[in-house]
Amino acid sequence: MENLKNQSCHIEKVVKRQTTQEIQNNRLRIKASIDIVRWLTFQACAFREHDERPESKNRGNFLEMMELLASYNEQIGAFVLGNAPQNAKYTSHQIQKEILHVFARNVQSSICHEIDGARFCLIVDEARDESRREQMALVIRFVDRSGFIQERFLDIVHVKDTTAATLKEEISFVLSYHNLDVQNIRDQGYDGVSNMCGEWNGLQALFINDCPYAYYVHCLAHQLQLALIAAAREISDVHTFFQNLIFIINIVSASCKRNDELRAFQASTIEHLVDIGEIETGKGVNQVGGLQRPGDSRWSSHFKSICSLIKIYGATCLVLENIALDGSTYSQRGDAAFSFKLLMSFDFALILHIMKDVMGITDMLCQALQQKSQDILNAMHLVTTTKTLIQKLRDDGWKTLLEEVTSFCKHQDIEVPDMDACFSSVGRSHRKQKSVTVEHHYRVDIFTAIIDQQLQELNNRFNEQAIELLQLSTTLDPRNSYKLFNIENICLLVDKFYPQDFSDQEKIHLRLQLQHYELDVPNHPKLKSMSSIADLCQGLVETGKSTIYPLVDRLIRLILTLPVSTATTERAFSAMKIVKTRLRNRMEDDFLTNYLIVYIEKEIAERFTIDMIIDDFYSMKERRAQLK
């Protein structure tokens, strides 16, 4: 009778307790699977193995890690794998894909929530994956509520071809799926490929037809790389130099034996220099390395290749000398002898050092342009300072360069020609030659010509519309105490380039806000020393000025969406090479997309709680085990 009065013993209470405990156990089991999927994705590891039977020695990363967790946690071990009730293990390949899909969709939803109806920029590029399937990466650049520039990887899509029409169709579908309005596109950032930047039929032209104010800006990092390549092609001596550089690197790096010899010579050279006190010792210094190949499509690769050769010039000469004497075939001996002769020539050493100095200046710009938070005005300022440094090298750098090359040649036993002697060019008629000295030839025909070509390329990489847009945008640049601030130019910028973003009434109010802004912001203690327009946007939010001058804040955000480079899409393809390898080349497109979204945007993915992922996973479809 007492038991009947005890409500805790009633059947519905007992069943409810059992159900609650069962749900907790089920959630614990799926929690282990979610943790493993997230960890493996963040580390770009494979989930599965070709043989996952219980008797297999390697059942794949997912199952092996599940067993490891079970061995360390008795609570998990009691409910996973063979101990799972109703055979609901939550370890199948399909479950792994569904968990990853939940993560990816949440990441995409978070990105769309960050955009929150703001104007944005499209950054698009395409590349082939390991299965030779054409993949298109889509990155969205926008300014968030706090005034920070964001470049988010939104999606990667397999496309059947790379025509502009196909790319536009796929991009429009992705934007529509995520409720991103095409009319909110204000800028487009692509590389220089014709199907992207074509003025009439390119991707940028097709989007401009739908959205007239989606301005196209060529990737600045690609422009810089094109300038370097153009200099190599236009100056015959530089073109020949890079051909010879690749030839030398290919010979020295052709076999493991030659690489071992190169490293051995390096080690002995470093040891000798340490003994005589010419170089210092320390952690991470004097490391033995190899020669790096330059590539036209790899940013900074030419500069790294040149620096690697200068660093191990002597060791490279010794390897080539050994091959020339002991090569197994006449072609090996002949190629090595020719390469050794090149390395021992003053012309090669001179151009090597000229390109090192020029590319050393441009490499800093290239690295800066690849930053996600870089704004277009600061990038253009960096281009200007780069041109100034190159011009300074042209005007004042020859004497120092010649002294450096002469010292280098003496150290490497390279014969230095008489600079005052009369220069004689091989293969040209003596009657057509001008009577110039050797130094004049090296300084004018090579040194000055290389730098002039660089400056010309950097000056010619922008179309007229982009130049005018950037020039008018500089009026909001806060450098030098807002020296360039000009109300008329700012209003002209709005009238000409952003008329769709401001109504006629707002244009009138904008002029009034600018008058107050001119007297207020440049004198504000936290805003008067801003160094870039990106810092200014953040400062306006932090100080609350963005609510006082909302129209000015809107215009600044529009300028900040202008793209600087396609580095984010390039990084996505680098990640794709890590994820989809030769051993994982059968990866499905959907799985690849979900994997890359979570891997690249792990900063967002790690914010999600396990309970959030479990609830979304449970709501996808009917599950065998109850989770809620």
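A search of the whole structure finds zero disulfides, a disulfide being a pair of cysteine sulfur atoms within 2.5 Å. This is a predicted model, in which local features need pLDDT of at least 70 and side-chain atom pairs count only at pLDDT 80 or more, while totals for chains, interfaces and linings use all residues. Residues are numbered from 1 along each chain as its sequence is written, and side-chain values use heavy atoms, with hydrogens and water left out.

**Cysteines**

- Cys112 is buried, with a relative accessible area of 19%, where buried means under 20% relative accessible area, exposed over 50% and partly exposed in between (1.4 Å probe, protein chains only).
- Cys317 also counts as buried, at 7% relative accessibility.

**The five-stranded sheet**

- Five strands form an open sheet in the order E3-E2-E1-E4-E5, with mixed pairing; strands (E, at least two residues) and helices (H or I, at least four) are DSSP runs numbered from the N terminus, and two strands pair if DSSP finds at least two bridges between them.
- The edge strands, each pairing on one side only, are E3 and strand E5 (215-218).
- Neighbouring strands of this sheet are turned by 25° against each other on average, direction ignored; axes are lines fitted to C-alpha atoms, for helices over the stretch in contact, and angles run from 0 to 180 degrees between N-to-C directions.
- Strand E2 (residues 134-143) pairs with E3 in the antiparallel sense over nine bridges, and Gln135 stands opposite His158 in E3.
- Five residues lie between E2 and E3 in their hairpin, and Gly147 in the turn has a positive phi of about 90°.
- Strand E3 (residues 149-158) is largely enclosed by the rest of the structure, because nine of its 10 residues are buried.
- Strand E4 (residues 185-190) and E5 run parallel and are joined by four bridges, with Gln188 opposite Tyr216 in E5.

**Helices across the sheet**

- Helix H6 (residues 164-177) lies across strand E1 (120-128), E2, E3 and E4, and runs at about 50° to E2, contact meaning heavy atoms within 4.5 Å.
- Helix H8 (residues 203-210) lies across E1, E4 and E5, and runs at about 175° to E4.

**The H26 and H27 pair**

- Helix H26 (residues 567-579) packs with helix H27 (residues 589-600) at an angle of about 115°, their axes being 10 Å apart.
- On the H26 side Ala572, Ala575, Met576, Ile578 and Val579 meet Leu592, Tyr595, Leu596, Tyr599 and Ile600 in H27.
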